[in-house]
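Subject: Structure handover and notes on its salt bridges

Dear colleague,

I am passing the structure on to you with this message, and my notes on it come after it. Please read them with the structure open.

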Amino acid sequence: MAGDRQTSAPVAFIDARSLIGCRHRLHLDATHPDVLVGVTEDPGVRQRREAASAHRNRVREALIAADPGSWVVIDPALRAHERAAATMNACAEATHHIWGALLPQEPDTGRRGGSEILLRDVDRGGYIPVIVVNHKVTDPRQPEPADFHPTTSDPYHWNPQPDPYRKLRQQPRDQQRLAHLYRMLQRHGLASPALVGGVIGYYTGRTDRAGRGHEGVNGNLYEPDRILVHDLGPVLADYDRRYADRVAVVRNELPTVPSKVPECRQCPWWTRAADDAPSCSGWLAEHRDVSLVAPGSRAEVLRGHGVETIDDLAAWTGPDPEDWQHGPFDEAVVTARAWIAGAPLVRRVNQVRVRRADVEVDVDLESFQEHGAYLWGTLLDGQYRPFVTWDPLPTEDEGRSFGEFWSWLMSVREQAAAEGKTFAAYCYSRTAEDKWLYESARRFAGRPGVPTHEQVRAFVDGPQWVDMFQAVSDQFICPNGKGLKKIAPVAGFAWRDAEASGEASMSWYRLAVGYEGEPDMSQRTRLLEYNEDDVLATKVLRDWMTDRADLEVPALADFRAVSDSRPSGGLRGDAALPPPAPSLGNV
């Protein structure tokens, strides 16, 4: 009877993006979709999505222009089922290249997904999925003997070969997506027996087989990166396990709870409640969850030993867990105790030391995604000097500003040496600076003021290049994080702009150079002030570590004062916690 009919629940589908990241977010997205309706997308997420779309368009235009007759482009304006039907028709016609392929959804397995490129395997039959991503998947290198060389292919002519000119960047998300697409192709008898997939990553310039760089910048033909070829055989078992778990989560067959991971920084559920459940941040704080002080995989290891809360970790008195691979375990325990005591830092050392010099230069760069570094900011004797290009990246003018920065920095060093003075240049977390020093030297080789690769290496490997992040990491335990925005306020520094952050600066930059309209001069000023504050913060932090940190920050020994008994188990409910942390003065 009609009155006895039951409305079946909508089928839950997931694509490959759901295979990496937070399981609890996946659950919330699936069970409370209405909560996020109308929520403003995080600016950083939106920018990356737009940049990825622009990158895919450039790759598509370059590849199809080289051989238009071999391509079928699936119209993205079609409805999903129409796109899937068009894709299957193109496969049935043995089309050599298919762009924008969408495979049929699978109600029984829950799979859905598509591939930027399906490449016909002319030798074995079937199709090879090739995805286009907006991150780097390899780095250039000089050829040298090695046990392993990544396999790459020319993007215009499929011919996979070991590539001694490239070194691999690990990107598990790409391999999971390729495995996902392989299983979908396999269902229809369309998977190539070669059991491989390809990735075209983001590329900042053309490099020939001898490793020499050429630029594909404004007005020039865009040159896609080589295809990185992955062997999918070793990935499929892990993919199958991961997929089974994730599809069970979205179908509400497996429970999940919040746990702090890097993804939380931009997740809308971090501060947003669902029905009668608190936000993730609220739930974690209410439960004093251990992931607040041991995020990500650290928390998973601890939960395997019965440690669920910060208090559990603070009360640990047993031997170190054998499967702990995240630094000294006693420091994890101290981190929990410091969090309970409200101490933002704990000294690892009796006396905090920072390398000082007669002439000190603070350096901070600003980059825009992988397009380049548009600003090198410096501080010398209290004077801020920016070396900047406001031509929209990518641009040849970036080479000019970089060459001027390097020439100025080296002239300051040479003058200090001529006057018999010591010299040091300081940054905070050298990973970005080192990356763009090397990358700029490669991309703009031969331009005025631009150093060679060897000159960059000699500088960054020498004692005059000082990473304040490393100085902090070596000498402090940081319960709330080690970022400059977390540490500099402890030293008494405050940024002028309350919204200052790396993600925010991306939005400011787009406005400053006029990507969507006329350049906004006020955003240029905002970026310069943000960069100036970063170098000022590094200077203030260095002075504080030299002059006051020993007095204002409690020592490690203050948080190790627990019961001397060390039972064989891990937790002790009666383990003595340390007294409240010593006062940190005005911080």
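This is a predicted model: local features need pLDDT of at least 70, side-chain atom pairs count only at pLDDT 80 or more; totals for chains, interfaces and linings use all residues.

Residues are numbered from 1 along each chain as its sequence is written, and side-chain values use heavy atoms, with hydrogens and water left out.

Taking a salt bridge as a side-chain nitrogen of Lys or Arg within 4 Å of a carboxyl oxygen of Asp or Glu, the count comes to 43. One of these pairs is Arg-166 with Asp-225, whose closest N and O atoms are 2.9 Å apart. The pair links distant parts of the chain, 59 residues apart, with Arg-166 in strand β8 (residues 166–168) and Asp-225 in the loop between β11 (213–214) and β12 (227–231); strands here are DSSP runs of E, at least two residues, numbered from the N terminus. Both Arg-166 and Asp-225 are buried, where buried means under 20% relative accessible area, exposed over 50%, and partly exposed in between (1.4 Å probe, protein chains only).

In the salt bridge between Glu-516 and Arg-510, the closest N and O atoms are 2.4 Å apart; Glu-516 is exposed, at 54% relative accessible area, while Arg-510 is buried, at 15%. Glu-552 and Arg-548 also form a salt bridge, with 3.0 Å between the closest N and O atoms, and here Glu-552 is buried at 15%, whereas Arg-548 is partly exposed at 34%.

Finally, a network of salt bridges links Arg-356, Glu-360, Asp-362, Lys-539, Arg-542 and Asp-543.

Conventions:
Helices (H or I, at least four residues) and strands (E, at least two) are DSSP runs, numbered from the N terminus.
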